[in-house]
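My entries follow in the order I made them.

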Amino acid sequence: MINGLVAVVSLLAAGFCFYKFQTTPEAGTMYLVGGIIFALLMVVFGAMFLTGRVNKSEEIHITE
C-alpha cells in the first residue's frame, strides 16, 4: 500500500518539476534533474506496488 502512495507522490513531484522547468527559464537544470529522479522513482515504486498485488500462493484457474 505504501508503494502505491509513494508512486503517486512521485508522480505529482515529477509533474511539478517538469512544469517549473518549462515555465521558469532561469531555473536551470535543477528542476529537470529533479523531474527525472521523481519519474524514475514513480516507475520503480509503481512496479513494486503492482507486482506486490499478485497472489503467489494460490493458483487461479481460467474456469473459476
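I am working on a predicted model, in which local features need pLDDT of at least 70 and side-chain atom pairs count only at pLDDT 80 or more, while totals for chains, interfaces and linings use all residues. Residues are numbered from 1 along each chain as its sequence is written, and side-chain values use heavy atoms, with hydrogens and water left out.

**Overall.** I looked up the secondary structure and found 2 helices and 0 strands. Helices (H or I, at least four residues) and strands (E, at least two) are DSSP runs, numbered from the N terminus. The accessible surface of the protein is about 5,200 Å², and 72% of that belongs to carbon and sulfur atoms. Such areas come from the Shrake-Rupley method with a 1.4 Å probe; for residues, only the protein chains shown count as cover. I noted that 17% of the 64 residues count as buried. Buried means under 20% relative accessible area, exposed over 50%, and partly exposed in between (1.4 Å probe, protein chains only).

**Helix 2.** I checked the span of helix 2: its 23 residues reach 33 Å from first C-alpha to last, close to the 33 Å expected at 1.5 Å a residue. The expected span is 1.5 Å times one less than the number of residues. Gly 34, Gly 35 and Gly 46 are buried in helix 2. I then asked what the buried residues of helix 2 pack against. They pack against helix 1, with contact meaning heavy atoms within 4.5 Å.

**Ala 39.** I placed Ala 39 in helix 2, which covers residues 30-52. Its relative accessible area is 23%, so Ala 39 counts as partly exposed.

**Phe 18.** Phe 18 sits in helix 1. I logged it as partly exposed because its relative accessible area is 34%. Leaving out residues up to four places away in sequence, Phe 18 touches Leu 32, Gly 35 and Ile 36. For Phe 18 and Leu 32, I read a C-alpha to C-alpha distance of 6.2 Å at a sequence separation of 14 residues.

**Surface patch.** Which residues form a nonpolar patch on the surface? I found Ile 2, Leu 5 and Val 9, with about 300 Å² of accessible area together. Like charges are joined within 9 Å, and nonpolar side chains (Val, Leu, Ile, Met, Phe, Trp, Tyr) within 5 Å. Val 9 lies in helix 1, residues 2-23, and is partly exposed because its relative accessible area is 49%.

Methods:
Patch = residues over 30% accessible without salt bridge, like charges linked within 9 Å, V, L, I, M, F, W, Y side chains within 5 Å. Salt bridge = Lys/Arg side-chain N within 4 Å of Asp/Glu carboxyl O.
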